[in-house]
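Me: I would like to go through the terms used for this model one at a time. Please set each value against its definition.

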Amino acid sequence: TTGKNVDKQSDIYALGITLFQLLTGTTPLRGNVSRDELFEKIRNGNLPKAKEFYPFVSEALQQIIDRSTSANKAQRYSNVKEFQADLSRIKLN
């Protein structure tokens with residue numbers, strides 16, 4: 001998470017952030033955040049919940065965001081197909 005070791009887990013993280021943005025209309029890390037502060041929040045998994053910005057985000061969608069943006073790369077989806085499979089299970093009303 002320092003920009004040195006970009007891999008497919010970094011892409012999964014980016015998908016989680018993108019999903020957060022699509023659901024809430026904003027980024028989870030707002031304001032004047034320095035590069036060091038940004039990396040610290042990523043490393044420690046200190047992202048706000050999407051419901052804090054948009055209360056209608058389902059628990060299932062929040063779980064996908066949480067898994068995608070986990071500070072522990074081993075807990076993230078291992079590939080995009082897993083991410084897509086969880087998204088496809090969500091029922092939209």
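**Thr-69 and the helices around it**

Reply: Thr-69 is located in the loop between α3 and α4. The model is predicted, with local features needing pLDDT of at least 70, side-chain atom pairs counting only at pLDDT 80 or more, and totals for chains, interfaces and linings using all residues. Residues are numbered from 1 along each chain as its sequence is written, and side-chain values use heavy atoms, leaving out hydrogens and water.

Me: Why does Thr-69 count as buried?

Reply: Buried means under 20% relative accessible area (1.4 Å probe, protein chains only). Thr-69 has 6% relative accessibility, so Thr-69 counts as buried.

Me: What does the side chain of Thr-69 reach?

Reply: The backbone oxygen of Ile-65, at 2.7 Å. A polar contact is a pair of N or O atoms within 3.5 Å, where one must be able to donate a hydrogen and the other to accept it.

Me: Which residues is Thr-69 in contact with, leaving aside neighbours within four places in sequence?

Reply: Tyr-13, Gly-16, Ile-17, Leu-47 and Arg-76. Contact means heavy atoms within 4.5 Å.

Me: Why are α3 and α4 called roughly antiparallel?

Reply: Angles over 145 degrees count as roughly antiparallel. The axes of α3 (residues 59-68) and α4 (residues 80-88) cross at roughly 170° and come within 10 Å. The two helices are therefore roughly antiparallel to each other.

Me: Which residues of α3 and α4 meet?

Reply: From α3, Leu-61, Ile-64, Arg-67 and Ser-68 meet Glu-82, Phe-83, Asp-86 and Leu-87 of α4. This contact divides into 4 nonpolar, 1 polar and 3 charged residues.

Terms used:
Axes are lines fitted to C-alpha atoms, for helices over the stretch in contact, and angles run from 0 to 180 degrees between N-to-C directions. Helices (H or I, at least four residues) and strands (E, at least two) are DSSP runs, numbered from the N terminus. Angles under 35 degrees count as roughly parallel, over 145 as roughly antiparallel, 65 to 115 as roughly perpendicular and the rest as oblique. Ala, Val, Leu, Ile, Met, Phe, Trp, Tyr, Cys and Pro count as nonpolar, Asp, Glu, Lys and Arg as charged, and the others, Gly among them, as polar. Buried means under 20% relative accessible area, exposed over 50%, partly exposed in between (1.4 Å probe, protein chains only).
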